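Dear colleague,

Please find below the structure that I am handing over to you. My findings follow directly after it.

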Amino acid sequence: SVIAQQLMQIRFALMSREDRFRFGDRVINLKPTCGVFVTMNPGYAGRTELPDNLKVCFRPVSMMIPDYGLIAEIMLYAEGFSDAKALSKKMVQLYKLSSEQLSQQDHYDFGMRAVKSVLVMAGALKRANPNLDEDVVLIRAMRDSNIPKFLADDLPLFQALIVDLFPESVVEEV
């Protein structure tokens, strides 16, 4: 592929310790600290593998699953929540249970991207409603970002999970 050829041009220039090199039809400067990194999530819906001629340009590095609870806790603190530790545990538990118990749909997302967007939404809701209980703010954010995506059969289960995790919280419909 064209990309594999371009990466090889860069690699050979780096190995030769050149300051400038021919890249396509131009001669360009080469920074010796440059690097190329590819993050892959094989098995993720809609993703494809790298072609073999491109795969040989890289070496694999294994990654660990991020600590969603710690990331959520830090983000909640950054968004101004004082009870971030307890709330982050409940949120992560809700997403874990939802991914296990709701029907499996391609458009359901309980991963880090979804967690982050809910936490940012929760921060905006908290700033807009500073006198509202923090658990209610988080429930609203989780509910508002997830319910529009759910099939009708999954709604009662999701609502029940919220009630189980936040038994003292009453969230009015908006």
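**Helix H4 and its surroundings**

The buried residues of helix H4 are Ala84, Leu87, Ser88, Met91, Leu94, Tyr95, Leu97 and Ser98. Please bear in mind that this is a predicted model. H4 covers residues 84-101, which amounts to 18 residues. From its first C-alpha to its last, the helix reaches 25 Å, close to the 26 Å expected at 1.5 Å a residue.

**H4 with H6**

The axes of H4 and H6 lie 11 Å apart, and the two helices pack at an angle of about 25°. Because angles under 35 degrees count as roughly parallel, H4 is roughly parallel to H6. The two helices make a right-handed crossing. On the H4 side, the contact is formed by Leu87, Met91, Leu94 and Tyr95. H6 contributes Glu134, Asp135, Leu138, Met142, Ser145 and Asn146. The four H4 residues in this contact, Leu87, Met91, Leu94 and Tyr95, are among the buried residues of the helix.

**H3 with H4**

For H3 and H4, the packing angle is about 135° and the axes are 8 Å apart. The two helices are therefore oblique to each other. H3 passes H4 in a right-handed crossing. From H3, the residues in contact are Tyr68, Gly69, Ala72, Glu73, Leu76 and Tyr77. From H4, they are Ala84, Lys85, Leu87, Ser88 and Val92.

Strand S1 (residues 20-23) pairs with strand S2 (residues 26-29) in the antiparallel sense, over four bridges. Arginine 20 has asparagine 29 in S2 as its bridge partner, while phenylalanine 23 is bridged to arginine 26 in S2. Two residues lie between the strands of this hairpin, and glycine 24 takes a positive phi near 70°.

Yours sincerely

Notes
Residues numbered from 1 in each chain as written. Predicted model: local features only at pLDDT ≥ 70, side-chain atom pairs only at ≥ 80, totals over all residues. Heavy atoms only, no water. Expected span 1.5 Å × (residues − 1). Buried < 20%, exposed > 50% of the residue type's maximum accessible area, 1.4 Å probe, protein only. Pairing = 2+ DSSP bridges. Axes fitted to C-alpha atoms, helices over the stretch in contact; angles between N-to-C directions. Parallel < 35°, antiparallel > 145°, perpendicular 65-115°, else oblique. Left-handed = near helix turned anticlockwise from the far one by under 90°. Contact = heavy atoms within 4.5 Å.
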